[in-house]
There are 2 protein chains.
Amino acid sequence: MTALRGLMKQHQIDAYVIPSSDPHMSEYLPERYRCVAWASGFTGSAGTLVITQDFAGLWTDSRYFVQAAEQLKDSGYQLVKLKVQHAPEYVDWLVEVLPANSVVAFDGQLTSAWLAKTLIAKLEALSINVRGDVDLLSLLWNNRPELPKAPAYVLDDSLTGESVIAKLDRLRIWIRQKRSDAHFISALDDLAWLFNIRGSDVPCNPVILGFGLITLNEAILYIDQGKFPSEDRSRLSAAGVTLADYTEAEVALSQLADGFTLLMDPKRTCFSLYSTVPATVSVVEQLNPTTHFKAVKNAVEIQHTRATMVKDGVAMTRFFKWLEETVGKEPITEISLAEQLLKFRAEQADFVGESFDTIAAYGFHGALPHYKATPESNSLLQPEGLLLVDSGGQYRTGTTDITRVVSLGNITDEQRVDYTLVLKGMIEGSTLIFPRGSRGYQVDAITRKPLWDHLRNYGHGTGHGVGFFLNVHEGPHVFNTAAVDVPIETGMITSIEPGLYREGAYGIRIENLVLTVDHQNAFFGSFLAFETLTLCYIDTSLVNKALLDSKHINWLNQYHAMVYEQLKPYLTENEQEWLAKKTAAI
Amino acid sequence: MTALRGLMKQHQIDAYVIPSSDPHMSEYLPERYRCVAWASGFTGSAGTLVITQDFAGLWTDSRYFVQAAEQLKDSGYQLVKLKVQHAPEYVDWLVEVLPANSVVAFDGQLTSAWLAKTLIAKLEALSINVRGDVDLLSLLWNNRPELPKAPAYVLDDSLTGESVIAKLDRLRIWIRQKRSDAHFISALDDLAWLFNIRGSDVPCNPVILGFGLITLNEAILYIDQGKFPSEDRSRLSAAGVTLADYTEAEVALSQLADGFTLLMDPKRTCFSLYSTVPATVSVVEQLNPTTHFKAVKNAVEIQHTRATMVKDGVAMTRFFKWLEETVGKEPITEISLAEQLLKFRAEQADFVGESFDTIAAYGFHGALPHYKATPESNSLLQPEGLLLVDSGGQYRTGTTDITRVVSLGNITDEQRVDYTLVLKGMIEGSTLIFPRGSRGYQVDAITRKPLWDHLRNYGHGTGHGVGFFLNVHEGPHVFNTAAVDVPIETGMITSIEPGLYREGAYGIRIENLVLTVDHQNAFFGSFLAFETLTLCYIDTSLVNKALLDSKHINWLNQYHAMVYEQLKPYLTENEQEWLAKKTAAI
């Protein structure tokens, strides 16, 4: 901090902003870009540091309030609580505290063009200067990690359901519709989807660092080519893809011809690349259409995902059976149970790895929605209280994400009420029938209502899009309270995961993945519904039936019948018996 | 149309846009600005005409699909159905149809700065030229009406609950917070609220054409001063208000000093005034804070509004009693019943006029959410079917807006189901308990769910803000499906008015006004609720009880007990007896 402040003085910077990002605006970061963790010790996936000479703060959202408060102890950084997740609320703070003619700086590689322009517009109107080209961290960070070099590969069309050629065709139709010459892509999952490539540059997300420039007759993939086996390079080339070096992307943008019209997503492109484009090029700002294409799963992806849910459900069943039979007899900790769960998943065909770090949170740790056990915090399970397990797998055949809470014994009435209301919300969301064109905030409100009715609520969103063997969080749609103006469409996969957190006591979250399906074309319009994909029992020993209507009880019983039916063929007789009890009608 | 196209050719304009607006971005327009009606015959409150040499269209929303289709017959204008209310969807159409180097033009007086800038950004990126200073209509419109000259007056603080001085203080604190020198106001209801003035320049909205420029030590009201009696001019002057001519506003903006920082709402300021500001002035774009101040009613306004609801409820009771006793005996038409309703309202103290044109819609006319009977359409009531009456009053003590549907006899099962589901939605919305910070789209979703459950829906919003003796539609909050990112706050008054429309058959809408109130500070945060303000029975003869849960029935019975209790003191014995029957528990 002292060194950083020294550098700030030297460069005449009054406020320095360090976001949690990389040049691709990723959520999960390669080690090289874990700047917030390096500077402050905070390891959450979302947070921004702002440093002035007399203040240093971390702006993060309610998922991380408790974790941040702990990790920032003695770091010199204060926790500043965001009112709205991901909102750049520190900008208003800068407006308040900085005098005219101050200088705010950040590294334009780690800041989206949209955010940088917002900062500039807001601050420069008040005569505060903004410099978007200042990387102070590289000067301070000894042995800053290099860019990753993990192997990469091409996925077969039998897995993806759509060839690169067909995807490029779709993209080019859009480029023509927008009367433009080309589209530049920075988002790693969009790139992975478009080129049917996967890798492991980033933990849990099977993506590869790269950029794409797609013109009407060329498709250039800027990437470390050495990551691919030569036959995959040939396959890409056969699909009309030109491979170029990762660092060439910037050069290519800087050399675009006069009068060229380039489509770019200012929220998914870093400011420094955005600024590289010559002024004589006309930049048309548009959401990456690949974000939308990717979110709407095709029939092959859906088929694979359904099959993947069976594999994941078998692993989850074995895991919970093992847990129930072992807890109280052998020592189990949060860390060891996460390892055990990984083992069960790894036994399944096509398993690649976890889709995110397992959240195995016992007792009061459950109240931290994004808890990750460390050797220091690691709890030993007792035969009492609630255990929350939020986990997921990356399979070559799909991505899973599931949360269950199970009783280890000695449950209080309040825990039962809380659990049942969360379950009720999950069922309300899952059974919703809604008009085509509805937004995620509508699903969110309906899911929360059973909790609101009892003056309860949760600080995170209700659900996120999930990739097909891609990122466990993907857009453009989301189920949360924010005004995200994106319709929910047939073929989208989303989580529904209401929760409830009593700090210092326990946390509850129940999460299934659902697929949006056509429901009915009625007199009043076309209606959609959800098909639940996740296949794993829900602990009914925690249910207070009096709080549920018959429609909730019916749903639960039908869901359990389906879970049993689908998983049974893959379970031993012993496991079948155990699951039959767990899925018995209530 | 031919003349207009001729002028377009002459001015080398390929597409001309005529919005429904005035220089204040009003919804209800002075005659002079009813350009859409003059050009096309369409009289709805929202719609945009776009004319090219080979196409002429009216873009409007679902409230007006049926009405527009009728009114545009033989006009040469095609109806283009908006997907999203108020969205400038014609811009995408322009992008599709216009070749490069085309010219799009509009009158900058009738187009907000925000919309004009959106048009320019989208079209100029594609080499389509935009001219925002072309008023073709004045050249074609013989005897175009002059600006209105209706008398105006100052409201007493005992009515408004806050002096002009106090309001200006609040505004100046905000100007300072934004580090600015002044705020310019174009919105007529904001102006009326800030200066505690009312008038009748516009039908149904008690506003006066004017602009305001508020600096840290001056408050200039640009207005036709002759509208005020001299004592009111003195009162304004005593409150520190300088009066200047209406036309001086433009001059004042053009003469702002170099380095001046001006706050303006680009959505509530017309493009031509916005463009008048010298480039050396720094314009900071912000929502008018007065829109927010005005939406949060103070204790005096709330008190007056509650009392006004009693007066309005008495008028409504007398009206429906008269209707029931007269229909089938004497001829009643849609127009005559609206006149009768106005008479009952006019008997009430402090009544000023209607808050909008009464929608008295019998039978299939009810399916037009914004129907207004004309001598041609005017239906004679029969003792059968459904009658929808949506009406409201302007009182010096508040503004009302209420919709009821009553049975005139011979009701079908489907009508009963439809009515009950609308009522269920209304009750779900009215009884919602929700966290502070919630948005209108959340209330909207919860209100619609009972209809969605039965594959029904309605094409309009669930509710709008309502002024205090001001516009019946006011922002910034709204209850609808759109991503309007404005929290609902304690003190806001909003309508809850779900509906259901079967074209060619009938329409149903049930509307109450509700006040947002603090509910409880709970462990999981602060919760808000609604207090229902409107006092008028709901026709229970149309209810199918089997579709309601006990919570809905309890609400209805309690509401009816309250309506009876509150209105009883002001009714004759005869009326009391009648209302007792109408409000009997079910």
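Ser45(B) sits in the loop that runs between helix 2 (35–40) and strand 2 (48–52) of chain B; helices (H or I, at least four residues) and strands (E, at least two) are DSSP runs, numbered from the N terminus. This is a predicted model, in which local features need pLDDT of at least 70, side-chain atom pairs count only at pLDDT 80 or more, and totals for chains, interfaces and linings use all residues. As for bookkeeping, residues are numbered from 1 along each chain as its sequence is written, chains are lettered from A and ligands numbered from 1 in the order in which they are written, and side-chain values use heavy atoms, with hydrogens and water left out.

Setting aside neighbours within four places in sequence, Ser45(B) has Ser20(B), Glu27(B), Arg63(B) and Tyr64(B) in contact, where contact means heavy atoms within 4.5 Å. With Tyr64(B), the link is a side-chain to side-chain polar contact at 2.9 Å. A polar contact here is a pair of N or O atoms within 3.5 Å; within protein, one must be able to donate a hydrogen and the other to accept it, and residues adjacent in sequence count only if both atoms are side-chain atoms.

On confidence, chain A averages a pLDDT of 96, and 100% of its residues score at least 70; pLDDT is the predictor's confidence in each residue, from 0 to 100. For the complex, the predictor gives an ipTM of 0.92 and a pTM of 0.93.

How do the two chains relate?

At the interface, 42 residues of chain B are in contact with 42 residues of chain A. Since 100% of the interface residues of chain B are also interface residues in chain A, the copies meet through the same surface. Together the chains bury about 3,500 Å², 64% of it on carbon and sulfur atoms; buried area is the accessible area (1.4 Å probe) that two parts lose on being put together, summed over both. Arg179(B), Leu455(B) and Phe524(B) supply 23% of the area that chain B buries against chain A, more than any other three residues.

Between the chains there are 2 salt bridges and 10 residue pairs in polar contact (both at pLDDT 80 or more). Helix 17 of chain B gives the largest share of the side of chain B that touches chain A, 7 residues. By residue type, that side divides into 25 nonpolar, 7 polar and 10 charged, with Ala, Val, Leu, Ile, Met, Phe, Trp, Tyr, Cys and Pro counted as nonpolar, Asp, Glu, Lys and Arg as charged, and the others, Gly among them, as polar. One salt bridge joins the side chains of Glu428(A) and Lys449(B) (3.4 Å, N to O).

Over all chains, the salt bridge count comes to 64, a salt bridge being a side-chain nitrogen of Lys or Arg within 4 Å of a carboxyl oxygen of Asp or Glu. Lys117(A) pairs up this way with Glu285(A), their closest N and O atoms being 2.3 Å apart. Lys117(A) lies in helix 5 (residues 113–124) of chain A and Glu285(A) in strand 14 (residues 282–285) of chain A, so the pair ties together parts that are 168 residues apart in sequence.
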